[in-house]
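Hi everyone, thanks for making time this morning. Let me put the structure up on the screen, and then we can walk through a few spots together.

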Amino acid sequence: METLNRKFHFIAIGGVGMSALAKYLVERGAKVSGSDIQDNKYTHLLEEKGVKISIGHDANLIEKDAIIVASTAIKSSNPEIIRAKELGLKIYHRSDILKMISDEFSQNQNSTFFGFSGTHGKTTTSGLCAYVLEKGELNPSYVVGGIIPEINTNGKYNENKFFSAELDESDGTIKKYSTDIAIINNMEEDHLDFYKNGFSDILKTFNEYLSNKPNQKVIINNDNSGNCEFMSNYPNYNYITFGLNNADYMAKNIEYNGLESNFDIYYKEEKIDSIKLSILGEHNVYNALAVYSALHQADINTKEISKHFYSFTGMGRRFQKVCEFNDIKIYDDYAHHPSEIKTTLDSVKNALKDNARVVAIFQPHRYSRLQGLWNEFKTCFDSADKLLVIDVYSAGEDKIEGISSEKFANEINHKDCNYISGGIVQNANKIYPLLQKNDIVITLGAGTVTKIGSLIEKCK
């Protein structure tokens, strides 16, 4: 596709999704530049690829022959946006660029575009798919929402027939894509700032997405009630189910051993393989089963590459170990929806010895999410022995009257919950004295809470 050989400039290139697209494009041969307010690990990876990164936003960075790509978070007052409009340039959303990339695969009969979606698990499943294909020497292309372990990247271009991508439903842009194999992990009420009519709007959006290519294979979790409602409402797609109960692909004979698990995979009631995982919990059994099902449906020799599932250690910020000191272990997890939080905490509690205390540090992500799922958040921390709630990460939203972390901490019926006020550094200083030997500490949220673990370690 000729468009992809053009010059691209990314505004807020340091985001995980934006940087993955930029990396793919530069490896494909495009000229890429970008700007952001600060550097980070993603900008450093791009600079190693020869991408020119400018720290700070400047109108002079905009060239009249470039394709301008802007993050959703960029406001109309941004000087680069203003300059692009003055030059009459179209400003593309990152989903537009991902569509350009994915169309190369979906329009090629010899290629397979794996699109991973759902309220939870899409980063892990898209990354796991890319990882297993890489380790199996099948040379995939991919654009995912996190750093893949060992490979140490979130995007890659290859002249081959497999493409794995994470498709975001949060803003409705998932409707743009046409996948060959659509993997739907789950559907739950979320992103209520966008979906004003709640879950019914989410179902309609997924229907619009799948209707772009009605003959695709839809790999879908049959144990999720939202998915079942979707299949009931829209029965005419080519559904191939996975799950632990009644499904085409089933995980049976599951055994958990600490943070590891192993299970048998059955297809149409016939055992076809056995899988061992080194990542925590039942939710990752589902994730692995989703990926295996998709690869198997793509006529890939899964028996040949299934051994690589075990060496996958999880995506960045998915129960990722940050540090260990004084017999205290601190992990970081991106979970910011009640179901994700409950799943993570339940899995950790079930895997630990009785003498370990689970300490959850929770930073609500967006006032609108905290407001819309207030009651659900109040019931998802039962497996935490101690809960510490820090101030909301707004993600650019205005405050909502009556919605705050302090009020939430005061209202939640938890055995040991405290509100911790102040900035991230102050939080770390206040939290450190509250920790005990053998504690398992988990920072939870999609915002700056990810920094607290390393700051706590500095307090020792």
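Let's begin with cavities: how many of 30 Å³ or more does the structure hold? There is 1, and please keep in mind that this is a predicted model. The volume of the largest cavity comes to about 40 Å³.

Now let's move to the backbone. As a bit of background, most residues other than glycine have a negative phi. I'd like to show you two residues with a positive value.

Please find Asn326, which is not a glycine and yet has a positive phi of about 50°. Where does Asn326 sit? Its place is the loop that runs between strand E16, residues 320-325, and strand E17, residues 328-333. Asn326 has 48% relative accessibility, so it counts as partly exposed; the cut-off for exposed is over 50%.

The second one is Asn438. Here phi is near 75°, again a positive value in a residue other than glycine. Asn438 is in a loop too, this time between helix H14 (424-431) and strand E21 (440-444). With a relative accessible area of 32%, Asn438 is partly exposed.

To recap the backbone part: Asn326 has a positive phi, and Asn438 has one as well.

Conventions:
Residues numbered from 1 in each chain as written. Predicted model: local features only at pLDDT ≥ 70, side-chain atom pairs only at ≥ 80, totals over all residues. Heavy atoms only, no water. 1 Å grid on protein atoms, 1.4 Å probe; cavity = no way out; pocket = protein on both sides within 12 Å on 5 of 7 lines; lining within 4 Å. Points joined across faces, edges and corners; volume = space filled by probe spheres on them. Helix = DSSP H or I, 4+ residues; strand = E, 2+ residues; numbered from the N terminus. Buried < 20%, exposed > 50% of the residue type's maximum accessible area, 1.4 Å probe, protein only.
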